[in-house]
Each structure stands twice: as C-alpha cells, then as structure tokens.
Amino acid sequence: MRKLIVLMQVTLDGRISHADGRFWQPFAWGEEETAYVNETYARADTLAMSRRLYEVVVPYWEQVAAGTVPDVEVLESPASLEFARLLGGMRKVVLSHTLEDAPETRREVRSGDAVGHLEELKNQDGTDIIACFGPETLGPLADAPGLVDEYFLIIHPAVLASGPRLFDHVSCDLALTLDSARIFDSGAAIMRYRTLNELPTAPTTNNVQ
C-alpha cells in the first residue's frame, strides 16, 4: 500500500497562517530547505490538497515553471525550478465542491467523504502520496486509524498571536515516533514523525516504602 505523508509548514505554536490566511514574515526558507523537501516530492506521484491550499500554492508554481513570475530570485533558484518541475508532473487530487477537473494540469477534483477518497488513493498503484490540508480537513483524516503514515512538519522560528493551528480539529490522541530531524541555518527545522497504530502504554510507577 502507498504511504500517505501529511506535509505542512507551521510556526512554533503550530499555526499554519495568520487569521486572514497570510503567511508570517520573515519566512525562513531558501535553497537548502527547498532542495531537502524536493527529495520527498521526488518519491511521490500524487499530491492531495484542500481547495484553499491548492489555490494558494499550485497556480504560483505553475507560473514559476512557465517562467512568468516576477520574482527573479525564485527563477534563478535551481531548487525552486526543480520543485516547480516536480509539482507539475504530479497527479493533483483536490478536495473541493467548486473546482472542476483540469486534465491539462493533472488536476482531479473530489467532493464528499475525504477519508474515503484518501483510502481509495492509498489502495491504488503508485508511489507516495503527499497531503496538504488545513485543520478542518485534516482532523477527520488524522482521526482515521492507519490512514496517515507520516507527518512531515516544517517548523518555522515564528509565533503568531492568532490563526488556525494544524491539529485544531483532531479529536483523538495521536501516537507518533520521530523518524528524522533536520535543522537549517535559517532557523527552520524539519521533523518527520511516523504514526503508531496504538498509543504507547504509560509506564507504571512502583512506590518504594
């Protein structure tokens, strides 16, 4: 079965954006960090996203791939160009009630039961699935036993006074184990956690008289 990896950028207090959807500044991200994330995208063939994140992320990188963004620094970044190439070649499954399929960009739109759609994707042939979801969509997915295999969290050196937190809508405890950690000079850290099927048993305390 394919592996489902939830990949998100968060602040130290677990927020994914300001309350109005803006990212924090300064945004600790550069060539080295992008190249590291590219390694995970290169091992995946499917990107599953909520509509909001899709509209923020994918059209921008499609413009990067086409060379039409005004950001010269991005267009001169080998890692950014590689990310745009990888993203362009991926199957994109978007959970939305308003978007439509776009075969020319490999966009497929699904509505309804998000857990069911992700389970269906995992049972199909292919390589890893990268999932990018906000808290309202992620909550039921994280609660579904065995659905998410890994959390790939890019943690930024910032704290926001308000805004949605990634795990705001999780209603079940999650058991995780650290698979790897990478800290960058920018101050960002990438933590990869594998999910455990069961919560670890708390150790018993022996009271010595």
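Me: How is the term "partly exposed" defined, and at what relative accessibility does Leu176 count as partly exposed in this predicted model?
Reply: A residue is buried under 20% relative accessible area and exposed over 50%, and partly exposed in between. Leu176 belongs to strand 7, which covers residues 176-183. Leu176 counts as partly exposed because its relative accessibility is 34%.

Me: Which residues form a nonpolar patch on the surface together with Leu176?
Reply: The patch has about 210 Å² of accessible area, taken over its members together. Besides Leu176, its members are Phe167 and Leu174.

Me: How many bridges join strand 6 to strand 8?
Reply: Strand 6 spans residues 150-156, and strand 8 spans residues 189-195.

Me: Which residue in strand 8 is the bridge partner of Thr177?
Reply: Strand 7 and strand 8 pair in the antiparallel sense over seven bridges. Within strand 8, the residue that partners Thr177 is Arg194.

Me: Which residue takes a positive phi in the hairpin of strand 7 and strand 8?
Reply: This hairpin has five residues between its strands. The positive phi lies near 105°, and the residue that takes it is Gly187.

Me: Which feature does UniProt place at residues 2-187?
Reply: In the model, this span is 33% helix and 24% strand. Its end C-alpha atoms lie 32 Å apart. According to the unreviewed UniProt entry, the feature is "domain: Bacterial bifunctional deaminase-reductase C-terminal".

Methods. Residues are numbered from 1 along each chain as its sequence is written. This is a predicted model: local features need pLDDT of at least 70, side-chain atom pairs count only at pLDDT 80 or more; totals for chains, interfaces and linings use all residues. Side-chain values use heavy atoms; hydrogens and water are left out. Patches are made of residues with over 30% relative accessible area and no salt bridge: like charges are joined within 9 Å, nonpolar side chains (Val, Leu, Ile, Met, Phe, Trp, Tyr) within 5 Å. Accessible areas come from the Shrake-Rupley method with a 1.4 Å probe; for residues, only the protein chains shown count as cover. A salt bridge is a side-chain nitrogen of Lys or Arg within 4 Å of a carboxyl oxygen of Asp or Glu. Helices (H or I, at least four residues) and strands (E, at least two) are DSSP runs, numbered from the N terminus. Buried means under 20% relative accessible area, exposed over 50%, partly exposed in between (1.4 Å probe, protein chains only). Two strands pair if DSSP finds at least two bridges between them. UniProt positions are given in the numbering used here, feature names are shortened, and annotations may be inferred rather than shown by experiment.
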